[in-house]
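Okay everyone, let's get started.

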Amino acid sequence: MHSLPQRLATLNARFVQKPLLAVVRSPAILRRLFTLNAIIHMRTPAGLTTAPIQLGTRNCTLCDAGQAQNHGTLLYIHGGAFVMGNLRGYRHLVAAIGKSAGMRAVFLNYRMAPEHPFPAALDDAEAAWRALSDDPDCGPLTLAGDSAGGNIALALLQRIIAKGLTLPAAVAVMSPITDLRMNNPSLTANRRSDPLVSTRWGARGVAAYLAGADPAQPDASPILGNFTGAPPVLIHADTTEVLFDDARLMADHLRAQGVDVTLHTQTGLPHVWHMGVGRTPEADASVAEIGQFLASHTLPGTKRQYT
């Protein structure tokens, strides 16, 4: 049984957010609704500070909730079906992960569809990664993302490997969409059980992002990528969400290529329940787990907890 705050958050996802995502087609309106939802529901951590930084071609933001910031740098790539998501809605989560991991946490403000379709967001992520890699003060680098941001993070990882760029020490993704061909069974099987994601909304976002590009390429569908030599990867997903198979099959794909991958699942939680950090114990525990995972691969002498 989930906590009362989590049950209330799940009810809000099912009966307020999911219907709105299904019927609102305008990305501009969805972005305003996303910000409004963040103002109402996302708890700003005490002492949170943000500071703009330039990475490559993008304006990014350092999100600090009091972490020591001496154990490396985390690049975080946000979700939102490739068409929405902003600092106001994510600063609390990015700062919380950074604090848990003891790292500088950087929010990537990538270009979004439909104004900037594939591969603009991935190109922005690569440019930011190159800039961090070139900065000797950044320390060990880690990478994380959720939903569409999980897609971009994993696509970036296979680009990093293919181009011989600086490898992250570890990667964590939450409820990632990994196959933009959109034919995994859970998209249909979990259509009703998923508390948050409307498949109509998801399909519109993918179509806007691809803008006619072939989804059967690793930059779009990282489940088709080559990850040989990749660092450890942690994947969080819920068994009731429509993207569960994207997470499950991605873990299988990584494992088959010799990657140290951990798939941690929940049941009955909304897509990217981590957004409730500071409000629900379920989100707090999952964010702490991600922070510990990232720290376990960057802190000298830290005993690893994942296999």
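Let's begin with the second largest pocket: α1 and α7 (199-210) each supply at least two residues of its lining. Keep in mind, please, that this is a predicted model. So who's around this pocket? The lining is Lys 18, Ala 22, Arg 191, Arg 192, Ser 198, Thr 199 and Arg 200. By class, that's four charged residues, two polar and one nonpolar. Its volume comes out at about 160 Å³.

Now for the largest pocket, which holds about 670 Å³ of space. There are 32 residues lining this one, and the closest to its centre are Gln 17, Phe 34, Asn 37, Met 42 and Leu 196. α1 gives the most, with nine residues.

Okay, on to the helices. Packed pairs like the next one get described by the angle and the distance between their axes. Take α3 (residues 87-101) and α9 (residues 281-296): their axes come within 7 Å and cross at roughly 50°. At that angle, α3 counts as oblique to α9. The crossing of the two, α3 and α9, is right-handed.

Which residues meet there? From α3 you have Leu 93, Ala 96, Ile 97, Ser 100 and Ala 101, and facing them from α9 are Val 287, Ala 288, Ile 290, Gly 291, Gln 292, Leu 294 and Ala 295. Nine of the residues in this contact are nonpolar, three are polar and none is charged.

How values were computed:
Residues are numbered from 1 along each chain as its sequence is written. This is a predicted model: local features need pLDDT of at least 70, side-chain atom pairs count only at pLDDT 80 or more; totals for chains, interfaces and linings use all residues. Side-chain values use heavy atoms; hydrogens and water are left out. Axes are lines fitted to C-alpha atoms, for helices over the stretch in contact, and angles run from 0 to 180 degrees between N-to-C directions. Helices (H or I, at least four residues) and strands (E, at least two) are DSSP runs, numbered from the N terminus. Angles under 35 degrees count as roughly parallel, over 145 as roughly antiparallel, 65 to 115 as roughly perpendicular and the rest as oblique. A crossing is left-handed if the near helix is turned anticlockwise from the far one by less than a right angle, and right-handed if clockwise. Contact means heavy atoms within 4.5 Å. Ala, Val, Leu, Ile, Met, Phe, Trp, Tyr, Cys and Pro count as nonpolar, Asp, Glu, Lys and Arg as charged, and the others, Gly among them, as polar. On a 1 Å grid over the protein atoms alone, a cavity is a set of points where a 1.4 Å probe fits but cannot get out, and a pocket is an open set with protein on both sides within 12 Å along at least five of seven lines; lining residues have an atom within 4 Å of a point. Grid points are joined across faces, edges and corners, and a volume is the space filled by probe spheres set on the points.
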